[in-house]
Amino acid sequence: MEGEHKSQKLSLFYESGVYSFDDSNAVFVDSVRVLNRFYHRFSVSPSLYYSRFFKTQTTPNAVSSTVTPSPRKRKRKRRESRPLNERELIALQRHQEARPLLLAAHECLLKSTEVLNALKTLKSEPSCSTKECDGGQRSFVDLGHVAPQLEVTLSLRLSDNDADPHPLPKDLDDLPSGQCCVEKVLRAFNNLVANDTQDDAVAKILSNSYIMPRESCFYMSDLGQIRNLIPAHADSGFNLIMVDPPWENASAHQKSRYQTLPNRYFLSLPIKQLTHTEGALVALWVTNREKLRCFIEAELFPTWGVSYAATFYWLKVKENGSLICDLDLFHHRPYECLILGYSPGKVNNTDNLSEFKPVKNDRVIMSIPGDYSRKPQIADLLLEHVPGLKPPRCIELFAREILAGWVSWGNEPLYFQDSKHFVKKMIQ
């Protein structure tokens, strides 16, 4: 009976990408499986998504000249220990409070043989995939300044269920029965670009192609244009607002990957105006810097009008289940936090309170990290805690990828949609 239960849970994990451990507040998330539920003709490439924490396999016959030796790291002079300041002591206390939860969650993973075995296969490409798509990264931050009138050509496949007043038949012999193809030329910046079909769409900008999942849209702009997303009516607002701010980081390596902003800029985000009339769940990603936690509690949430609800933890593991670094490293913890709160709507509807579950504190989400700044796919874990509409209207601020059913806003929401991150499926 127990074996059948584990088999069912594993089967559900392969289908959904989320594994919930029994008698625990912990889950494991395979973000690639979650994302690929929403693509039809393309798949997110696991080998590229998980390239940071999977070791490259070499065969015994591999030519030694192809192996590049890793450069030697300079030995750092050991600093003399000093007493912790007040802020560091508060950070240490937060860590000590979270530590038992994180250890218990990690123990669940290490005891789950079936999940550990599944981890070893996460990097395998889907059996239905063909070659990787061509592509190359462009800096939309730079393009937004030098070519603000840049256009995007959006190729959509319409089925009988997708209404379009001006379909333009193209390559009909290559399309399945009941489908036609249309192309739309739209402004790439400061414009809502939408794939409102039930199929993947290909957005072409200059010589690069970007894959959009079904029923998704993006608005690519700088912070000064975000107010263009404020709906004319509050009942067209959002019930789930995810925010992944580019917090300032002392690491030069991180700064070279994406632009950061001082904290004061985040105070201007129009969270109240984006909130649906029945309220919204706000999910905010934050690192372990105590300065940021204090800023959120004392200034950011009060300015947004958001009331604190709970804290989730993202615990990062390797393909063998071990943590990416020691749990107690002071300046480099193997986890980040998701701070959850509620933004009240304009309607005081007490009946609505029974329509969603209050969010529980201290949930632990384990996953193998993707590329820098890329967060695990956790929308499934939040939906039951979202007030108002079902399905909810969702938006991600400072997005670097596009999700099905979401509006993605930022200055580079197409970053991880570049076709180089995908493989084509054999069945079109």
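Modeller: Let's start with E336. At 13% relative accessibility, E336 counts as buried. Buried means under 20% relative accessible area, exposed means over 50%, and partly exposed lies in between, using a 1.4 Å probe and protein chains only. Before going on, note that this is a predicted model: local features need pLDDT of at least 70, side-chain atom pairs count only at pLDDT 80 or more, and totals for chains, interfaces and linings use all residues. Residues are numbered from 1 along each chain as its sequence is written, and side-chain values use heavy atoms, with hydrogens and water left out.

What does E336 pair with in a salt bridge? The partner is K316, and the closest N and O atoms are 2.7 Å apart. A salt bridge here is a side-chain nitrogen of Lys or Arg within 4 Å of a carboxyl oxygen of Asp or Glu. E336 lies in strand 14 and K316 in strand 13, so the pair ties together parts that are 20 residues apart in sequence. Strands (E, at least two residues) and helices (H or I, at least four) are DSSP runs, numbered from the N terminus. K316 is buried too, with a relative accessible area of 13%.

Now take strand 14 as a whole. This strand covers residues 335-343, and nine of its nine residues are buried, so strand 14 is largely enclosed by the rest of the structure. Look at its two faces. On one side sit Y335, C337, I339, G341 and S343. On the other are E336, L338, L340 and Y342. Every one of these is buried, so both faces are covered.

Next, the neighbours. Strands of a sheet pair through backbone hydrogen bonds, either parallel or antiparallel. Two strands count as paired if DSSP finds at least two bridges between them. Strand 12 and strand 14 run antiparallel and are joined by seven bridges. Within that pairing, L284 has I339 of strand 14 as its bridge partner. Strand 13 (residues 307-316) also runs antiparallel to strand 14, with eight bridges. There, Y308 is the bridge partner of G341.

Contact means heavy atoms within 4.5 Å.

The side chains of R99 and D328 meet at 2.9 Å, N to O. R99 is in helix 4 and D328 is in the loop between strand 13 and strand 14, so the pair ties together parts that are 229 residues apart in sequence. R99 counts as partly exposed at 26% relative accessibility. D328 is partly exposed as well, at 35%.

Contrast this with R363 in strand 15 (residues 363-367). R363 is buried yet has no salt bridge. The nearest side chain of opposite charge, E384, is 4.6 Å away. Lys and Arg count as positive, Asp and Glu as negative, while His and the chain ends are not counted. Beyond four places in sequence, R363 is in contact with N25, V27, T311, F312, Y313 and L381.

Last, the nonpolar core: a set of buried Ala, Val, Leu, Ile, Met, Phe, Trp, Tyr and Cys residues joined through side-chain atoms within 4.5 Å. The largest core has 92 residues, and F28, I241, W304 and L397 make the most contacts inside it. Its largest share, seven residues, comes from strand 12 (residues 280-286). That is the strand joined to strand 14 by seven bridges.
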